[in-house]
Amino acid sequence: MGTFHTENPGDQPVWINTNNCKACDICVSVCPAGVLAMVYADSSTLGAMISIEHPESCIGCNDCELNCPDFAIFVADKKEFKAAGFSFAKLTDEAKARQAAIVANNYMSLEGA
Ligand code: SF4
Ligand code: SF4
């Protein structure tokens with residue numbers, strides 16, 4: 001099955017199978033917490049790829065995973081994540097403001113632009 005993370009890597013709240021991502025922006029649009037954004041990717045035929053920019057802000061709402069049409073993004077199971085010693089974030093004003101800025105930036109990353 002190659003080296004793509006379709007299993008929980010253990011310490012991440014949200015992870016991606018880049019092989020499946022069609023760069024459709026849907027997960028970015030539904031995330032309430034400014035965790036996700038698109039980045040330019042020359043290696044992709046679509047020219048863009050999903051990126052997990054702020055995993056520390058993920059609230060574990062599952063909206064990205066539930067709305068992805070290509071089964072390309074996954075969210076840790078709350079109980080398993082907690083049992084492994086990790087926890088999801090609370091939704092903060094800073095995270096909400098970052099999400100609004102990402103949407104206003106056509107879903108593209110605000111990092112290093
Ligand atoms: S919703 Fe799925 S296919 Fe679309 S950008 Fe997000 S991870 Fe990629
Ligand atoms: S689980 Fe919710 S907060 Fe976390 S990346 Fe997905 S949509 Fe954003």
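Start by selecting ligand 2: 15 residues lie around it, and C31, V35, C58, C61 and C64 come nearest. A residue counts as near a molecule if its C-beta atom, placed from the backbone, lies within 6 Å of it. This is a predicted model, in which local features need pLDDT of at least 70 and side-chain atom pairs count only at pLDDT 80 or more, while totals for chains, interfaces and linings use all residues. Residues are numbered from 1 along each chain as its sequence is written, and chains are lettered from A and ligands numbered from 1 in the order in which they are written.

Colour the shell of ligand 2 by class: 12 residues are nonpolar, 2 polar and 1 charged. Here Ala, Val, Leu, Ile, Met, Phe, Trp, Tyr, Cys and Pro are nonpolar, Asp, Glu, Lys and Arg are charged, and the others, Gly among them, are polar.

Next, select ligand 1. It is surrounded by 13 residues, the closest being C21, C24, C27, C68 and A72. The shell of ligand 1 holds 10 nonpolar and 3 charged residues, and no polar ones.

Then go to N62, in the loop between β3 (48–52) and α2 (63–67). Helices (H or I, at least four residues) and strands (E, at least two) are DSSP runs, numbered from the N terminus. N62 is not a glycine, yet its phi is positive, about 75°.

Finish at Y107, in the segment after α4 (93–104). Its phi is also positive, near 70°. Y107 is buried, with 20 other C-beta atoms within 10 Å.

Note on methods
A residue is buried if 20 or more other C-beta atoms lie within 10 Å of its own, exposed if 12 or fewer, and partly exposed in between; C-beta atoms are placed from the backbone.
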